[in-house]
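Hi,

Here is the structure I promised to pass on.

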Amino acid sequence: MKALTNVLVFGLLVGITAGELVIVNLQIPRDVTVTTLIGLAGVKALFVAAFFQQLKDEPRSLSTVLVAGLVIASVLLTISFLQLHPFHI
Amino acid sequence: MISFVVLGHHNFITGVSPLTTQLFTVTTIAVSLPFDVITVSMIETLFHAKIRLKAPALFAIGAVALFVIGGITGVFLASIALDTQLRGTYFVVAHFHYIMVGAGIMGLIGGLYYWFPKIAGRMYNERLAKLHFILSFVGINVLYFPMFFLLDMPRRIATYTPNTGWGPTNSLATIGGFIFGLSQLLLLANLGLAARSGPQAGPNPWEGSTLEWSVPSPPPLHNFERLPRVSEDGTVDFGEASPVGTPNGHESHAGHLSRWPIVIALSAFLFFLGLTAVPPPPNFLLVIPGVVVGFVGLYGYGNERFVVREDEETDGGFFDRVPRLRLGVWVFLASEIIFFGVLLGAYMFVRVNALVGAWPPFDTFSVSRGATNTFILLTSSLTAVMALTAAKKASRTGLFAALFTPFGLGAAFLVNKALEWQELAVAPINIFSNYPLAATSYYITTGVHGVHVVAGLVMITYLLAKTVKGNYLNGNYEAVHHFGLYWHFVDVVWIFLFPLFYLI
């Protein structure tokens, strides 16, 4: 059962990657492409963490360690984004 | 927490946006507030105290005094207007040396004088130590205080014309430098002599009430045979507390005496010295021994018997249902997330601010090679999961196959990566000369990721060797699980690198 789930998750990851390759070639606004691709990467990462790294079966306290790392990384990313246009002279 | 977000005050006039400089001005001034509280608290400890101005106290109080001077001049530099004028001058040099030498070194010397009797079991000459303090304190001030007046002299120059008027002030600072430097010989002589033939210090020469003064000087190899209990009135009870170490005696003490950590530290020293400092960098005569010594050290440390007893007296609290080692792996992975977050932040900054034409066109980073590597890593992640399943089912062949597959796939990933790196570096693309910023962020980010893949391959090699010997099949498959956590993380990093570099 568990092995089947893992294979299904693997199939999903491959499918999303194939989707990414399709999206890149669509004639849609660049902002939409970039947001979708980063969003899809986030979804893939979530599936790897939940199923392959078995976070969904672990105690919640372990996920908080991961979330703490993500929060700090997000702060650092946000600082780099503050350099963007509205304020950038 | 605030001190983590002041780094931008080094970059006030580097061209970062005005908003950023304002933010960092606020944080830099904000961080002075808790520091004020600390400084006032340190001074407050002297009130109603029975102060004995022995050498350690002199150095400690002197350090606080110098720290105040360094701290107050730092507030000037937090202002963008003043910093624009003062950056790169001797004013800045004076400021941070008051902190680093004044507060840091003086505090360290104070600590050394305080605990030396505990370390050596012998007492030094107090008069000589006081003389050392007077000369150090005078020396530091004669050395650094004049520099505040050199606020029009650039740093890092050794020659200047007489009409600048900097000469006499610099001469004074030089004299101070010699006074401070030579006075340190007193410290070495005093402690050296005391270690040989100083009078016995006894267990508690300062009448201190903290735990280290309750054991003989120098302390025995294992400080406390039993966990001491400290009551609210400060009395220490060594009696009926639970025994320290394993129930069967002194076996666990060996863990305290490992020589391997220092070997591993030495390897890092050699490695980075060769990589950066000793010409020609990279100097492989140092880098390669550094790597070899590192592997020997890690292997030795890994093979050492290490007995850990979960402490009975504390409940596990928040993490009580998580095995300690697995928690450690996840904390490591969280730190890795922050590390790659920084790299991706740098990439995004460069990417978003790149001028038109400064970023290579689509498919310069070959989409087909990137996609191939994505499928390779995804497949290897699946096989890493299968390795854990095989270990749980105690299937040796299955485990061997499921570990060997990600090894092969990881190697294939690296070969594909190397070919791509090579293609990008040669004409007609030559990313280095045509798109230097893109080249830097691409090679650093994918390079660091590649190093992580290599580390994964080393782990698999270790696991394979252990599997051949028959390990991991008796329910003790935690190592396979931990490797999987790491390998999936490397996969996740690539999941983000692929769209960011190849698709957008």
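Predicted model: local features only at pLDDT ≥ 70, side-chain atom pairs only at ≥ 80, totals over all residues.

Helices (H or I, at least four residues) and strands (E, at least two) are DSSP runs, numbered from the N terminus.

Residues are numbered from 1 along each chain as its sequence is written, with chains lettered from A and ligands numbered from 1 in the order in which they are written.

Now chain B. Helix 9 (residues 324-353) of chain B packs on helix 13 (residues 436-468) of chain B at about 160 degrees, with the axes 10 Å apart. (Axes are lines fitted to C-alpha atoms, for helices over the stretch in contact, and angles run from 0 to 180 degrees between N-to-C directions.) Helix 9 of chain B and helix 13 of chain B are therefore roughly antiparallel, a label for angles over 145 degrees; under 35 is roughly parallel, 65 to 115 roughly perpendicular and the rest oblique. Their crossing is left-handed. Leu343(B), Ala346(B), Tyr347(B) and Val350(B) of helix 9 meet residues of helix 13 including Ile444(B) and Val448(B); contact means C-beta atoms, placed from the backbone, within 7 Å. (Ala, Val, Leu, Ile, Met, Phe, Trp, Tyr, Cys and Pro count as nonpolar, Asp, Glu, Lys and Arg as charged, and the others, Gly among them, as polar.)

Helix 13 of chain B also packs on helix 14 (residues 478-503) of chain B, at about 160 degrees and with axes 10 Å apart. That makes helix 13 of chain B roughly antiparallel to helix 14 of chain B, and this crossing is left-handed. Among the residues that meet are His449(B) and His452(B) from helix 13, and Trp487(B) and Trp494(B) from helix 14. The contact has 14 nonpolar, five polar and no charged residues.

On to chain A, which has three helices and zero strands. How does chain A meet chain B? 40 residues of chain A are in contact with 42 residues of chain B. Helix 3 (60-81) of chain A gives the most to that side of chain A, with 13 residues. The side of chain A that touches chain B divides into 29 nonpolar, nine polar and two charged residues.

Cheers

Conventions: Left-handed = near helix turned anticlockwise from the far one by under 90°. Contact = placed C-beta atoms within 7 Å.
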